[in-house]
Amino acid sequence: MILELKDICKDYLQGKMVIPVLKHIDFQMEQGEYVAIMGPSGSGKTTLMNIVGCLDQATSGQLFLDGQDISKCTENEMSDLRLKKIGFVFQNFQLLSRQTALENVELPLTYAGVAKKERRERALQALTRVGLEDRVNFQPNQLSGGQKQRVAIARALVNRPKILLADEPTGALDSTSGEQVMELFQSLNDEGVSVLMITHDSEIAAKAQRKVIIRDGIMKKEEQP
Ligand code: ADP
Ligand code: MG
């Protein structure tokens with residue numbers, strides 16, 4: 001099992017009011033699975049993804065990532081996990097604008113303390129994997145949206161994560177680049193990478209092996225039409 005959530009709740013505080021955003025979420029994912037999360041805007045999808053991605057902590061409940069109980073981790077242990085086990089892809093790419101594609105992809109390796117030569121090699125390899133070997137020295141503003149997202153995917157892959165998390169990765173792309181990005185996720189999953197993806201698009205979600213729906217902080221299995 002790559003991922004297991006047990007009775008996860010997340011509340012936000014708004015002044016003195018407690019706003020429950022995730023309500024008793026139970027969810028499991030096997031190594032190598034490709035799961036899509038759908039649900040209306042404001043239903044808690046990003047909140048859930050940030051907890052799974054160790055960017056945020058749940059208010060209560062347990063989260064196991066690759067068998068390890070995250071709920072008890074310190075900040076340092078969480079960032080270590082983010083670095084070693086998780087690849088995160090955002091809707092708006094989150095690339096550093098003054099760095100080249102290669103430098104952006106190298107960044108997680110720099111944090112992980114990988115030596116320069118190996119960093120270069122692995123970043124090049126990851127960029128080649130996403131079809132951007134001829135764009136390594138371009139900065140984000142010299143790349144199309146689809147290319148930027150592929151750089152972001154290369155960055156997510158470069159540490160060989162156990163799981164790839166994607167929060168509406170095609171949300172800012174035109175349909176053709178969106179399809180290319182989806183094909184990339186598909187082929188990465190074929191190679192054995194576990195993929196958990198949030199999407200609004202039911203056509204995209206149909207490409208996953210399994211769908212779950214979040215509505216008002218409650219997770220349900222795919223609803224029958
Ligand atoms: P989704 O990604 O499904 O659109 P989010 O997880 O971003 O939904 O948000 C779920 C709910 O949590 C929303 O009602 C939002 O207003 C609230 N929310 C998200 N982040 C915060 C925050 N930092 N503080 C307070 N409320 C928040
Ligand atoms: Mg969201």
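Predicted model: local features only at pLDDT ≥ 70, side-chain atom pairs only at ≥ 80, totals over all residues.
Which side chains meet in a salt bridge at 2.7 Å, N to O? They are those of Arg129 and Glu191.

Residues are numbered from 1 along each chain as its sequence is written, chains are lettered from A and ligands numbered from 1 in the order in which they are written, and side-chain values use heavy atoms, with hydrogens and water left out.

I start with the ligand. Ligand 1 is surrounded by Tyr12, Gln14, Val21, Pro40, Ser41, Gly42, Ser43, Gly44, Lys45, Thr46 and Thr47. A residue counts as near the ligand if one of its heavy atoms lies within 4 Å of it. By class, that shell has 3 nonpolar, 7 polar and 1 charged residues. Here Ala, Val, Leu, Ile, Met, Phe, Trp, Tyr, Cys and Pro count as nonpolar, Asp, Glu, Lys and Arg as charged, and the others, Gly among them, as polar.

Strand β1 (3-14) and helix α1 (45-52) each supply at least two residues of the shell. The most comes from α1, with 3 residues. Helices (H or I, at least four residues) and strands (E, at least two) are DSSP runs, numbered from the N terminus.

Now the polar contacts, meaning pairs of N or O atoms within 3.5 Å; within protein, one must be able to donate a hydrogen and the other to accept it, and residues adjacent in sequence count only if both atoms are side-chain atoms. Ser43 places a backbone N or O atom 3.2 Å from an oxygen atom of ligand 1. For Lys45, an N or O atom in the side chain is 2.8 Å from a ligand oxygen. For Thr47, a polar side-chain atom lies 2.5 Å from an oxygen atom of the ligand. Of the 560 Å² of accessible area that ligand 1 has on its own, the protein covers 58%. Accessible areas come from the Shrake-Rupley method with a 1.4 Å probe, and for residues only the protein chains shown count as cover.

One shell residue, Gly42, is in the loop between β3 and α1. Is Gly42 buried or exposed? At 73% relative accessibility, Gly42 counts as exposed. Buried means under 20% relative accessible area, exposed over 50%, and partly exposed in between (1.4 Å probe, protein chains only).

Next, the salt bridges, where a side-chain nitrogen of Lys or Arg is within 4 Å of a carboxyl oxygen of Asp or Glu. The whole structure has 13 of them. In one of these, Asp56 pairs with Lys10, and the closest N and O atoms are 3.3 Å apart. Asp56 lies in the loop between α1 and β4 (60-65) and Lys10 in strand β1, so the pair ties together parts that are 46 residues apart in sequence. Asp56 is partly exposed at 23%, whereas Lys10 is buried at 9%.

Back to the opening pair, Arg129 and Glu191. Arg129 is in helix α4 (residues 116-129) and Glu191 in the loop between α6 (175-190) and β8 (194-198), 62 residues apart. Arg129 is partly exposed at 28%, and Glu191 is exposed at 53%.

Asp69 has several partners. This residue lies in strand β5 (residues 68-69) and is buried, with a relative accessible area of 16%. Its side chain meets that of Lys72 in a salt bridge of 3.0 Å, N to O, and Lys72 is exposed at 66%. Asp69 also has side-chain polar contacts with Gln62 at 3.1 Å and with Ser71 at 2.5 Å.

What about the interior? The largest nonpolar core has 40 residues, and those with the most contacts inside it include Val105, Leu127 and Phe185. A nonpolar core is a set of buried Ala, Val, Leu, Ile, Met, Phe, Trp, Tyr and Cys residues joined through side-chain atoms within 4.5 Å. The largest share of this core, 6 residues, comes from α5.

His24, in strand β2 (residues 17-29), has a positive phi, near 55°, and is not a glycine. Gln94 also has a positive phi, of about 55°, without being a glycine; Gln94 sits in the loop between β6 (86-89) and α3.
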